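Below are my notes, as numbered points you can follow with the model open.

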Amino acid sequence: MASKGEPVLEVRDLVKHFPLTQGIVVKRQVGAIKAVDGVSFDLHRGETLGIVGESGCGKSTLAKLLMALETPTSGTVRVAGKDLANAKGADLKRIRRNIQMVMQDPYTSLNPRMTVGDIVGEPFEIHSEVAPKGDRRKKVQELLDVVGLNPDHINRYPHQFSGGQRQRIGIARGLALQPEVIVCDEPVSALDVSIQAQVINLLERLQNEFDLAYIFIAHDLSVVRHISDRVAVMYLGKIVEIGRDTEIYDRPTHPYTQALLSAVPVPDPEGRENRERIILQGDPPSPANPPSGCRFRTRCWKAQEICAEEEPLLQIRPGADHPSACHFAEVHDVVHAS
Amino acid sequence: MQNPSVDTHLLPADTLGTAPLLAVDNLHVEFATRQGVARAVNGVSYALNAGETLAVLGESGSGKSVTAQAIMGILDMPPARIPKGEIRFRGTDLLKLSENARTQIRGQQIAMVFQDALSALNPVFTVGWQIAEMFRVHRGMGKKAAYAKAIELMDRVRIPAARQRVHDYPHQFSGGMRQRIMIAMSIALDPDVLIADEPTTALDVTVQAQIMELLAELQRESNMAMILITHDLGVVADVADKIAVMYGGRIVENAPVHDVYKTPAHPYTKGLLESIPRVDQKGQDLYAIKGLPPNLLDMPTGCAFNPRCPYRQDNCVTDVPPLHEISGTRSSACHYWREVLDGVEG
Ligand SMILES: Nc1ncnc2c1ncn2[C@@H]1O[C@H](COP(=O)(O)OP(=O)(O)OP(=O)(O)O)[C@@H](O)[C@H]1O
Ligand SMILES: Nc1ncnc2c1ncn2[C@@H]1O[C@H](COP(=O)(O)OP(=O)(O)OP(=O)(O)O)[C@@H](O)[C@H]1O
Ligand code: SF4
Ligand code: SF4
Ligand SMILES: [Mg+2]
Ligand SMILES: [Mg+2]
């Protein structure tokens, strides 16, 4: 695992609240959706941080904050030491170059009327210093080659490619500006099972080749384990547990992580009758009105009085080797994703 | 209680003794498209007994949903056409029945849960109204009785505070709850067979676990048979009794669940199982099936999997492999199933 030198990405107390308004003519703010509510972590060169958690827990909002596609309510994001919020003009442009994104849906995230060459080369329009006009075609063909697409297909349109190939186009575009960090929001969720593995292998190869750092958001916990050095588990806008892949998967200490891992179906029918399953009751509470104290307490089987009164901090507790946001954090070996 | 205005069991109970409850036999479905005829289903056969769960696995576009739609009788014809095959329910070929007779079976004896619950529910009616409608139309119930049944069903699929929420609209429920409402509608009339087409694909793992548990419980209560369409090998391992694997519009492997995971008999199945990330593979490349899924308008000659197959021999390009019977319960559509089964590396 890489933890050499300065982190390429430093996130501190990041908060994003979306205003909840009422009234049609005169809008009044009546509350806020706390989509991301105090998230901190570091990411180093060549490292992959996996992010998992239920739908709506704030993963994509976090990704957009990192990309400066949303303005944070408070908190900071530093890319290679530079604060994203204070940067302006040329500085902001340089920071943006350093962090790129690969989107979830290869079917809708590519403009159907642009050729593959235009799509992959589009970042050069804004950052013309990376590839002067005369060089672009060659640069784009190199990128296509890197991601395993035929460079001769530069003039084709997205609909002429399969899902897996389209995802490669998205990755080639993400690589165009030679960033240090790539944020992948569900990069393989829409792909065929047989194609997923091809894309994962490609991401890993590119990481080794260019020392890329990844933020890897995905639903599939076994894919996250495969690709990640560290994993952060989110619940209702907060990281509830973070650690190395083995710490999270083999020695989870937060009840939510334990429930999440136990819910992952194991692809082996042997012994299925005897598996422990923690089935969470109910739906996650609304992020507009999260429970007091510990946000997980409404679904937690270990909740005590203190859980409603005091918010558990994300910290290492006695008997554990990594941070967890639970007053009663303790290792519980659940059947985990293989 | 109420005297049903329609006869729900117009088909004779199984008179053949050992015949399966539902049997799809050599089914073919094709679509007329502007580019030509798309042969989406090319000879699918599978069978199902009461209380059993059959998982249908396979690549996207391999014909899983089209087969299910043919069973339900909800394909638009044209552009769809069924040139060949039978779908026998309690011994009767559904494809030979009148539309009227099929309507009687649909929803009452064979029901379906669709992948996308939000678009399958009508946004302008309350969920209670939509569930109650099933009882009014099919059971001739009055409004009050039908609503009471709706609340009972919402309770059964564990919608909290069902009595209060019966007048809510679909958009007021979360994705997981909407899927539970869909399930409530599909089991409303106590079907013998439930077809669940990717019932949890759009949901995350915690909600998925709730839904799968719910389906298993409903099945135990009523001995309902289930066809579960999915591409999640984990879900299949959890709930299936037997598996049908599809590729390019055909069944390439049929087997009891334990056999498939231990000793797959078709190279595609084997490749799928091997591409699941495993803990001991961390830091290594994942096994990946090379190449791309087939184009229905331009299928490879011989075995549809041959351009991607590590076991391919010359005859694979010329001869379509028949579905070889391996044992009473297993079959594989591969010329070289023996080698695959014996674990010979491709
Ligand atoms: N622009 C917005 N305005 C208001 N609310 C928003 C906005 N974007 C996201 N939200 C809300 O913020 C919360 C977090 O959403 P987000 O998309 O980050 O979740 P996610 O973890 O990516 O979920 P999924 O796994 O379903 O993609 C949700 O409750 C969502 O409804
Ligand atoms: N109305 C139609 N016209 C033309 N082709 C169709 C039509 N409906 C389905 N098809 C084609 O039939 C093939 C099989 O589709 P089907 O929906 O059964 O796939 P599937 O196995 O369910 O895939 P997925 O896992 O993506 O749901 C696909 O290639 C699809 O494009
Ligand atoms: S702090 Fe309390 S409610 Fe929260 S996870 Fe721990 S035990 Fe459960
Ligand atoms: S028939 Fe030939 S090409 Fe097809 S799966 Fe078997 S070995 Fe492979
Ligand atoms: Mg998201
Ligand atoms: Mg389908």
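How many nonpolar, polar and charged residues does the shell around ligand 3 have?

1. The shell around ligand 3 has 9 nonpolar, 2 polar and 2 charged residues. The classes count Ala, Val, Leu, Ile, Met, Phe, Trp, Tyr, Cys and Pro as nonpolar, Asp, Glu, Lys and Arg as charged, and the others, Gly among them, as polar. In total 13 residues surround this ligand, and A:Cys294, A:Cys300, A:Cys307, A:Cys326 and A:His327 are the closest. A residue is near a molecule or strand here if one of its heavy atoms lies within 4 Å of it.

2. A word on the ground rules. This is a predicted model, in which local features need pLDDT of at least 70 and side-chain atom pairs count only at pLDDT 80 or more, while totals for chains, interfaces and linings use all residues. Residues are numbered from 1 along each chain as its sequence is written, chains are lettered from A and ligands numbered from 1 in the order in which they are written, and side-chain values use heavy atoms, with hydrogens and water left out.

3. Ligand 4 sits with chain B. Its surroundings include B:Cys303, B:Cys309, B:Cys316 and B:Cys334, along with B:His266 and B:His335. By class, this shell holds 8 nonpolar and 3 polar residues, and no charged ones.

4. Ligand 2 also deserves a look. It is surrounded by 13 residues, with B:Ser60, B:Gly61, B:Lys64, B:Ser65 and B:Val66 the closest. The class count for ligand 2 is 4 nonpolar, 6 polar and 3 charged. Strand S1 (22-33) and helix H1 (64-72) of chain B each supply at least two shell residues, and H1(B) gives the largest share, 3 residues. Helices (H or I, at least four residues) and strands (E, at least two) are DSSP runs, numbered from the N terminus.

5. Which polar contacts does ligand 2 make through its oxygen atoms? An N or O atom in the side chain of B:Ser65 is 2.7 Å from one oxygen atom. From the backbone, a polar atom of B:Gly63 is 3.0 Å from a ligand oxygen, and an N or O atom of B:Ser62 lies 3.1 Å from a ligand oxygen. The protein buries 65% of the 640 Å² that ligand 2 exposes when taken alone. A polar contact is a pair of N or O atoms within 3.5 Å, and the areas come from the Shrake-Rupley method with a 1.4 Å probe.

6. Chain A has an open sheet of 6 strands with mixed pairing, in the order S6-S7-S8-S3-S9-S10. Its edge strands, S6 (99-102) and S10 (238-244), each pair on one side only. On average, neighbouring strands are turned by 20° against each other, direction ignored. Two strands pair if DSSP finds at least two bridges between them. S6(A) and S7(A) (residues 181-185) are parallel over 4 bridges, and A:Gln100 has A:Ile182 as its bridge partner.

7. Helix H5 (residues 163-175) of chain A lies across S6 and S7 of that chain, running at about 175° to S6(A). Axes are lines fitted to C-alpha atoms, for helices over the stretch in contact, and angles run from 0 to 180 degrees between N-to-C directions. Helix H9 (residues 255-263) of chain A touches S3, S9 and S10 of chain A, at about 105° to S9(A). Contact means heavy atoms within 4.5 Å.

8. In chain B, an open sheet of 8 strands runs S6-S7-S8-S3-S9-S10-S12-S11, again with mixed pairing. Here the edges are S6 (110-113) and S11 (324-325) of chain B. S11(B) is antiparallel to S12(B) (residues 331-332), joined by 2 bridges, with B:His324 opposite B:Ser332.

9. Please check some backbone details. Cis peptide bonds join B:Met77 to B:Pro78, with omega about -15°, and B:Pro78 to B:Pro79, with omega about 10°. In strand S1 (residues 9-22) of chain A, A:Asp13 has a positive phi of about 45° although it is not a glycine.

Technical notes. A polar contact is a pair of N or O atoms within 3.5 Å; within protein, one must be able to donate a hydrogen and the other to accept it, and residues adjacent in sequence count only if both atoms are side-chain atoms.
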